[in-house]
Structure formats: structure tokens, C-alpha cells
Amino acid sequence: MPLQYNIPKYSDGIKQDTQTTFKGFDARLSACDGAIRDMRNMSGDEYPIASTRPGRKALLGLSSPNGLCCHDGIYYAASDGFYSLNGGDSVKLGALSDSRKRFASLGAYIVILPDKAYYNRLTGEFGSLEAEWNGTASFTDGTYAGIDAEACRIVTDGDAFPFSVGDAVTISGADNDANNQTIIIREISEDKKSLGFYEHSFTNADAQTLTLKRSVPDMDFICENDNRLWGCRGDEIYASKPGDIFNWNVFDGLASDCYAVTVGSEGDFTACVSYLGYPIFFKEDKVYKVYGSKPSDFQVMSSASMGVASGSDRSLAIAGEVLYYHSRVGIMAYSGGVPQCVSSVFGSAVYTDAVGGSDGIRYYVSLLGSDGVRVLICYDTKSNQWYKEDELSVVGFGFDGGRLLALSEGASGGALTALRGETANEGSFTSLCEFADFIEDSPNKKSTAKVQLRVELDSGSTLTVQISTDGGEYTTVRTLTAPDKRSYYLPILIRRCDHFRIRFKGVGGWRLYSLTREYSEGSQI
């Protein structure tokens, strides 16, 4: 449907069409007469005006960026560790492997996978979720709750045990196989060299070499929901103890238990997220939602819907109260029911390896094209329009203090950049706004004589107007430099054609308020 209104013909047969509403990116073959088929560094901030995006601010340069986490502060993973950014200073908090990271937050803790590491924002403690003890210990009688009890203690003369009351530990290496088990610690002596358990938990035995380990399951994806950490891998879903990031194997028959379940469907999990109060898990063609408030009544319900594409687990983000993510068929909008594809305007382009983020209103996604080039695209939930920016290769997004941040990588290294919410320091950037075919709602030949623009340029910016007929080369009509808001009446070399295109190439910021075309219509010959 045309985006302009028609004004009656002049007496000489010339028509005049004016467009004042400029929608977003639309690469479909059906796009015409006012649609924008290609763009660069455009924005929907001033919709329905066509305008360039806001400037960015470079905050930090780094090598080998591996992930970004914003949780009451800015934290990121680089090649050799985990860092915080305080003001303009980076502080290394701990060592990590050189690989892509996934984060989840619970209280003061930030959990980092696949390293199974954690950082406590309040105490500054950095360490491993798992704990292991190796040494010589014996299984003995003792006391439990101040009362004499049999076969209830593990005692050592060696190093102290690195565990806490309530930890579930797996014992291995015992001479008696019955003592090799996973069991919950009920008491710990003051010197941490004696662990207490329920009476008759073991068969008493003299000192022997043992291994005790508090373990965390191997998980590919992780999120926080209702004071628990939830994770998944393959066909398995896991949940930690409430408020406890360290314990995943406590099964006491209580509401404070951990949880684990196998879903048994085809394919592996591709992502997980907390949304609308539920932990939600995705496969490529399934969406799973976990209902219930405690392990005894947890229920995993599935629906045959388009889930998250493999490799796009970092694409999930909430904008306008809707969850967006990348599936095999495009970008999906999910509000608790059946996901809907909102990226049909991408046309036939195929994208993979999506990374998404949000400032609450706009959904940003960095996509890898089939040509090997990444593109950053923004979906504005206020206007329901897409806007292409540039080739920023984003590793992770974050939102902190009103700023939308992007951790990116490139040939010259990585960078942390504020896309929004900061005073720009990037200088002038190039922009493009290329309209689809103008056919003026007619299959006949037509001749365009003039173009009238109402534009506004930022100081020091330039805007070049170009035109192409019947798919030919673009020719420059004029380059505008005046910074004030005004109209330009631009004569064009008349060519009889089936269709024509108009393209704007800018340097710096500018806004297009209206576009008027004067043309005459001929026959089909």
C-alpha cells in the first residue's frame, strides 16, 4: 500500500506525490512506492520522520572479548579473565578460560559458565562453584545434634574440608562401596575437620584415602528464576537449591530441594530464559515452560513452536514486555503463547549466530549473514519497524544506568561501546537510505522531472541525493550542506522509465521530513 497521498494532476499532466511517513527497512521484492529497501545507520527515534541513529560512545578497548554482564555494575570476560569496569578503570577479578561465556545472577552472585565460576559483588570473592577434597579420613561414630550417634561422622587429621552445612557431597574411593554415595552434610566441626551426617549413614571404617566433591552439573545455558538458578544441557533440565548457587544435588524431599528432569524429546536444548515468572527452555522446534513452586509439583509443559536456533542462545532479550529471539525462520516475538515471526521484512536473507539485547523499548540484534558479514539491526517496538545500523559484530549486550552497551569484536580488537544513553564521541558516521522502486501505482512508463525535499542537517553534515532509473547506475542530483531545516527543489534529468529509485547518502546526522516527486505518466510503450 502506498505511503503517500496523491494530489490531482496539473493541467500539463504532471502529477505530484508527497510522502511524509517513512517506515523502516523492507527488503522484500514486493516493497515499492515509499518503502526503504536498504539502509545504514538509520533509526526510528523520530518516526514517522526518517532520521539517523544517535551517536555512540567508546568506553573501552580490549582484546578477545568473551561476554558482557550488567548486574548493578559492568562486568565482562576477556581472554585471560573476568573484569569489572568502575568508572574508566578495569579491574581483574579472577582468571577464566579463553572461551565465550554465559552469565546468570542470583542475589550478590554472578555465575559464569562454562567455567563454573562465581563472583560475589558484595564481598569481592571469586572462585569455583565446585569444591573438592582429597585426603585420608575415617568413618566413625560421634554425635549428631548433641546426642551420641553411630556411623555418622567423617573425620580427618589432614586439611580442613572446604564445605558448608547443607552441601551435597559425593564420596568416592572408600573401601566399602556402601560408603561411596552422594550425601548431605548436616554438621561441621569448628575446625572443619569433622563432618556430621544422620545416624547410620555409613559403615564405620579406619582411615583410608577418600575424595569428597561438591559438584555442579555440566550445563550449556543458565538463567535465574524465582530465587533459583536453572540450567540445561542436552535433554536435561536442572535447578539449584533456592538461593544457593553451589548446590545442585540436594534431594531431601523438601521444598528446598534441587530439581532435575529429562524431557526425552528429539534434539538438544538451545537456550533458556526467565520470562513472565517461569523458567523457559528452548529447542529449535520446541518451547518448554516449567510450572510449579517447588520440586514436588514442578511440571514441564511443551509446545511444538519455533524455538531458538542453534547458536543463537544469546539472542534472547525483552523489549516492550515481549521476548524476542532468533529462530530458524527469523526473529520471533513471544509473549507466552504462540511465537510470531516479526522479521518478514528481511526478505530472502538468511542469518545465523544471533546476539540480542534491549534497552526496554528497542530490540537490537547482531546477525551473521550468509556472506560472512555481520549486521546490527534494531527493532523499534513503538513503531514496529526495523532499522539497519552497521556491521558491528556484537559478542554481548548489557543495560546499565540508562545505557545500552555492546561488547564487540573486530579485526583491530574488541571494544565496549555505549549505543545509547551517553554523549557521543565517535564523530561523523556514514548513513544510507535507499528507497525501493517507485512505480507510482502504475505499470506504464513515467518520467520524473523534479524532487522536492524537506530536510534538516546537523552542523557539519552532508547529504547527497541520487537517482537511478530502471535499475541503472545512480547519478548524483545534488549534495546538501546547509544545516537549517528547509525545502530543496531539485530538477532531474528526465528519463522515460518503468521505475526509478531515490537514494540518500549522508555523513553525520540528518532528518528527512517529506519527499515530493513530480512526474508525468505515459503509455505502456
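K283 lies in strand β27 (residues 278-283) of a predicted model, in which local features need pLDDT of at least 70, side-chain atom pairs count only at pLDDT 80 or more, and totals for chains, interfaces and linings use all residues. Residues are numbered from 1 along each chain as its sequence is written, and side-chain values use heavy atoms, leaving out hydrogens and water. Strands (E, at least two residues) and helices (H or I, at least four) are DSSP runs numbered from the N terminus. K283 counts as buried, at 1% relative accessibility. Buried means under 20% relative accessible area, exposed means over 50%, and partly exposed is in between, with a 1.4 Å probe and protein chains only.

**K283 and its surroundings**

- Contact means heavy atoms within 4.5 Å.
- Leaving aside neighbours within four places in sequence, K283 is in contact with a set of residues that includes D235, E266 and D268.
- Other contacts of K283 include F269, Y288 and V308.
- K283 and L113 are 170 residues apart in sequence, and their C-alpha atoms are 19 Å apart in space.

**Cis peptide bonds**

- L113 is joined to P114 by a cis peptide bond with omega near 5°.
- P114 sits in the loop between β12 (109-113) and β13 (117-120).
- Y47 and P48 are also joined by a cis peptide bond, with omega about 15°.
- P48 is in the loop between β4 (42-43) and β5 (50-52).

- S312 is in the loop between β29 (299-303) and β30 (317-319).
- The relative accessible area of S312 is 0%, so this residue is buried.
- Not counting residues up to four places away in sequence, S312 touches H326, T352, D353 and A354.
- D353 belongs to strand β34 (residues 351-358) and counts as partly exposed at 26% relative accessibility.
- D353 is not a glycine, yet its phi is positive, at about 50°.

**D226**

- D226 is another residue other than glycine with a positive phi, near 55°.
- D226 is in the loop between β22 (221-225) and β23 (228-233).
- With a relative accessible area of 56%, D226 is exposed.

**Fold and overall form**

- The chain has 0 helices and 48 strands.
- The radius of gyration of the chain is 30 Å, well over the 24 Å that the globule rule gives for 525 residues, so the chain is more spread out than a compact globule.
- The radius of gyration is taken over C-alpha atoms, and the globule rule is 2.2 Å times the number of residues to the power 0.38.
- The C-alpha trace spans about 110 × 45 × 30 Å along its principal axes.
- Of the contacts with a separation of 6 or more, 59% are between residues 24 or more positions apart.

**Nonpolar cores**

- In soluble globular proteins, nonpolar side chains tend to be buried together.
- A nonpolar core is a set of buried Ala, Val, Leu, Ile, Met, Phe, Trp, Tyr and Cys residues joined through side-chain atoms within 4.5 Å.
- The largest nonpolar core has 44 residues, and W386, L453 and F504 have the most contacts inside it.
- Strand β42 (residues 446-457) gives the most to this core, with 4 residues.
- A second, separate core of 17 residues includes F161, F163, A174 and F202.

**Burial across the chain**

- Of the 525 residues in the chain, 51% are buried.
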